[in-house]
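Biologist: Please take a close look at one part of this model. Then show me what surrounds it.

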Amino acid sequence: MKKVYLSDSGPKVSEAIYGFWRWEDLDNTTLKMEQIINLCLELGINTFDHADIYGDYTIEEHFGKIISQKSFKREDIVLFSKCGIRKNGKVTYFDNSRNYILDSVDNSLRNLKTDYLDIFLLNQSDFLADPEQTAMTLAEIVNAGKVKHIGVANFTAFQHQLLASYLTIPIVTNHIELNLMNISAIEDGRLDFIKQSFSKPLAWAPLAGGEILDGKEGKSAVLKSKLEAIGKKYDANVEQTAVAWLMQLGTLPIIGSLSEARIRNAASASDIKLSREDWYDIYQTSVAS
């Protein structure tokens, strides 16, 4: 799998990224994670996406155990983490305050057993935060060497633009939900704004949480049928065709599956180049259904 620059400011990442947002703290989590990481590295996926909250604040620590075992070299991987979503009982809220960002970065570094993060992202925009203070805090962690680059996740184009206006360092990406069940990022300007910023967007839930693969009724069934028909031209299955469609849009899909077969499908999608006619045929099916 090729490595590409995430933005004109870097860093270089794999065309597909593995994310841990679906993981939970289960028996043998560390062992299972090591198996998945090794598979990803075998397939050329060297970029891994975390957040403080994943697995009820447990997943980063499992990854850190694997790093400390020296199963692979830290310099051979690109490591993301993020903060911004908090939970207190039944209440979920957003926090981009200075103290929370600083604490979260330090906790992630400690849990991941690393001296730096390649990218640190704000996960959701906090309506109550002072954007100037948030920007100053992000610059502070970069200047301290704790973080090499900064990004955002689930920001609208205007939220992205607002934060960028207070920064002298670039925002290198925005994690957005984008798949054939949800193409709103194409329609509302988020995709265009990210590209205008000389960055590549990261697409989470590339298969809509498996809904496209299931394809049991309504829009998902129509899309699955179309992907099956077009995929035959490329000797590709539904998953490969759907991920290839995203990649040709200039996005980098975030894979979250624990299935080896699904990870291999997503990785191999980078070799599939849909014709312009077929790409738009799939797109128009999504719009129409």
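Modeller: Threonine 285 sits in helix 13, which spans residues 276-288. Helices here are DSSP runs of H or I with at least four residues, strands are E runs of at least two, and both are numbered from the N terminus. The model is predicted, so local features need pLDDT of at least 70, side-chain atom pairs count only at pLDDT 80 or more, and totals for chains, interfaces and linings use all residues. Numbering starts from 1 along each chain as its sequence is written, and side-chain values use heavy atoms, without hydrogens or water.

Is threonine 285 buried or exposed? Threonine 285 is buried, because its relative accessibility is 11% (buried is under 20% relative accessible area, exposed over 50%, partly exposed in between, with a 1.4 Å probe and protein chains only). What does threonine 285 touch, beyond neighbours within four places in sequence? Its contacts are Val222, Leu223 and Lys226 (heavy atoms within 4.5 Å).

Now step back along the chain. A loop joins helix 12 (260-268) to helix 13, and aspartate 271 lies in that loop. Aspartate 271 counts as exposed because its relative accessible area is 65%. Its C-alpha is 9.8 Å from that of lysine 2, yet 269 residues separate aspartate 271 and lysine 2 in sequence.

Last, the wider chain. An unreviewed UniProt entry annotates residues 17-282 as "domain: NADP-dependent oxidoreductase"; such annotations may be inferred rather than shown by experiment.
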